[in-house]
Amino acid sequence: MRVILLHTPKGGSGKSTVARELAVAYAMAGQRTALVDLDPQGTTTGWYGRREAAEPVLLDGRGGAPDIAGAAAAGLDVLVIDTPPATPPFLPALIPQASAVLVPVRPSPDDLLAAAPIAANLAGHPAWAFVLTQAPTRSRLTMGAVRQLAALGRLAPVTIGFRADFPAAAIEGKAAVEFVSTKAAEEATQLRTYVDQMTSGKPVGTGGKRGKAPR
């Protein structure tokens, strides 16, 4: 079972958006997928309450740390975990159990300032990456953020753009990846493919011209 952990101490980074986009993308790919919402704000839980589709399922996260062993025993293929901002006490024990750790970061000065200590904390994990989110296309702000994050650590080669499809989908309990043939769906699918590569040991891109295997 793949365990995909979404983590950042910075609120408003698009963490819940990335979590549900990935979970739905995996479900659409035929993977038995579940979400766990550990964030007290309950953004993912609220989204799930509006959702009509049966998959992905939502597991109870009220106990603090998810039952990863139980999820694996239940036959799940993918478990996507949406964590709260800051650093909850269960996080240090949870990170080593993750197949991949994704750190959503907006191209804002405050988000970029918070990125450096995250990179230091995750340096020992074999498969982690920043994911640039809510990014205006072809802007100096976005390009500057790409350079800064790539210098700090691994940066996913997929940027989640500042697109209306993401909140529009969430209103209906859907994910933008379900809006077939849109740019938002393409980005979410590409991110899922990147996570597949991260967790299978295959060479992955790092945002530059040449790819390299996860460190």
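**Notebook: a predicted protein chain**

I began with confidence: the mean pLDDT of the protein chain is 90, and 93% of its residues reach 70 or more. Here pLDDT is the predictor's confidence in each residue, from 0 to 100. Over residues 202–215 the pLDDT is below 50, and this stretch has 28 contacts in the model beyond near neighbours in sequence; contact means heavy atoms within 4.5 Å. Where pLDDT is low, the predicted coordinates should not be read in detail.

I noted the basis of the entries. This is a predicted model, in which local features need pLDDT of at least 70 and side-chain atom pairs count only at pLDDT 80 or more, while totals for chains, interfaces and linings use all residues. Residues are numbered from 1 along each chain as its sequence is written, and side-chain values use heavy atoms, with hydrogens and water left out.

I then looked up the fold. The protein chain has eight helices and six strands, taken as DSSP runs (helices H or I, at least four residues; strands E, at least two) numbered from the N terminus. Along the sequence, the pattern reads β-α-β-α-β-α-β-α-β-α-β-α-α-α.

I looked up the dimensions next. The C-alpha trace spans about 40 × 35 × 30 Å along its principal axes.

I checked burial as well. Buried residues make up 49% of the 215 residues, where buried means under 20% relative accessible area with a 1.4 Å probe, protein chains only.

Lastly, I looked up contacts along the sequence. Among those between residues at least 6 apart in sequence, 73% join residues at least 24 apart.

Notes
Buried < 20%, exposed > 50% of the residue type's maximum accessible area, 1.4 Å probe, protein only.
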